[in-house]
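Thank you all for coming. I would like to take you through one model this morning, so please have the viewer open beside you.

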Amino acid sequence: KDTRKTLYISSLITQAERTPVFTANPEYQVTGHNYDQGPNRITVTGEKSLASRGAQMRIDYGNDLFLPSTYDPAAIFVRSINDQQSILGAYSYLLGLYPDTLNGLTLEPDVEPVGTAPVSNYEVNTVRGNVRLGSPSQATKQAKIYPGNPDALFLTKLSELYPGIAKQLTFDAKVEYEETHGTKFYEEFAKAIHKPIDNVNFDSIYRYADDIL
């Protein structure tokens, strides 16, 4: 007889569709798109993607199969990086998981002070409509989301103890990549995006690619 039981579920989501981070600098505007929302902002497509994932989680584990049928902030811990696209992405996921018993959100203090909230009430209030959900059919609670990034805190402390460590790690990675693969890819990439070869290198390539991806 199988006596195993589920104790908890962990879901790790890196990010949903968002606007590029670096296109405020015209140098990194490769596609020519005009991102009215500004850099590093979740898009409606991104909100729909994460709401869909939350809905799938509800099918797999919700409705008292494992997770409670109504939203209980004591039963679900949600951490998010403290930026707009991550917080609204987490909220979209929770709306998909609990469309009828969750509405609105609060940011909870934890390892990092929240400070000025990077999301507006307007942005929060538009998510439900963006993901094509109607009004809740039951009494609701606000989602509790804990902004913070322990890994980033670790790197911050590491940089304080060892100044220049991040630059050294990047330099080491650059040397290893170029010794292994050479620089031909830089040349081909520069040609594809119509940029001078001198502008494309290990440090800049991800900034150009962010607009493409």
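Predicted model: local features only at pLDDT ≥ 70, side-chain atom pairs only at ≥ 80, totals over all residues.

Residues are numbered from 1 along each chain as its sequence is written, and side-chain values use heavy atoms, with hydrogens and water left out.

Let me start with the pockets. A pocket here is an open set of points on a 1 Å grid over the protein atoms alone, where a 1.4 Å probe fits, with protein on both sides within 12 Å along at least five of seven lines, and lining residues have an atom within 4 Å of a point. Grid points are joined across faces, edges and corners, and a volume is the space filled by probe spheres set on the points.

The largest pocket has a volume of about 900 Å³. It is lined by 34 residues, of which Ser11, Leu12, Phe77, Val78 and Arg79 are the closest to its centre. Helix H1 (44-61), strand S1 (79-80), helix H2 (84-97) and helix H4 (150-161) are the elements that each give two or more residues to this lining, where helices (H or I, at least four residues) and strands (E, at least two) are DSSP runs, numbered from the N terminus. The most comes from H2, with seven residues. By class, the lining has 22 nonpolar, ten polar and two charged residues; Ala, Val, Leu, Ile, Met, Phe, Trp, Tyr, Cys and Pro count as nonpolar, Asp, Glu, Lys and Arg as charged, and the others, Gly among them, as polar.

The second largest pocket holds about 220 Å³ of space, and its lining divides into four nonpolar, three polar and four charged residues. Among the lining residues are Arg18 and Asp210, and I will return to both.

Tyr61 belongs to helix H1.

Asp210 and Arg18 meet with N to O at 2.9 Å. This pair links distant parts of the chain, since Asp210 is in helix H7 (residues 205-212) and Arg18 in the segment before H1, 192 residues apart. Asp210 is buried, at 14% relative accessible area, whereas Arg18 is partly exposed, at 22%; buried means under 20%, exposed over 50%, and partly exposed in between (1.4 Å probe, protein chains only).

Glu123 pairs with Arg41, their closest N and O atoms being 2.7 Å apart. Because Glu123 lies in helix H3 (residues 121-130) and Arg41 in the segment before H1, the bridge ties together parts 82 residues apart in sequence.

Finally, Lys184 and Glu188 come to 3.6 Å between their closest N and O atoms, and both lie in helix H6 (residues 184-193), four residues apart, about one turn of the helix.

Methods. Salt bridge = Lys/Arg side-chain N within 4 Å of Asp/Glu carboxyl O.
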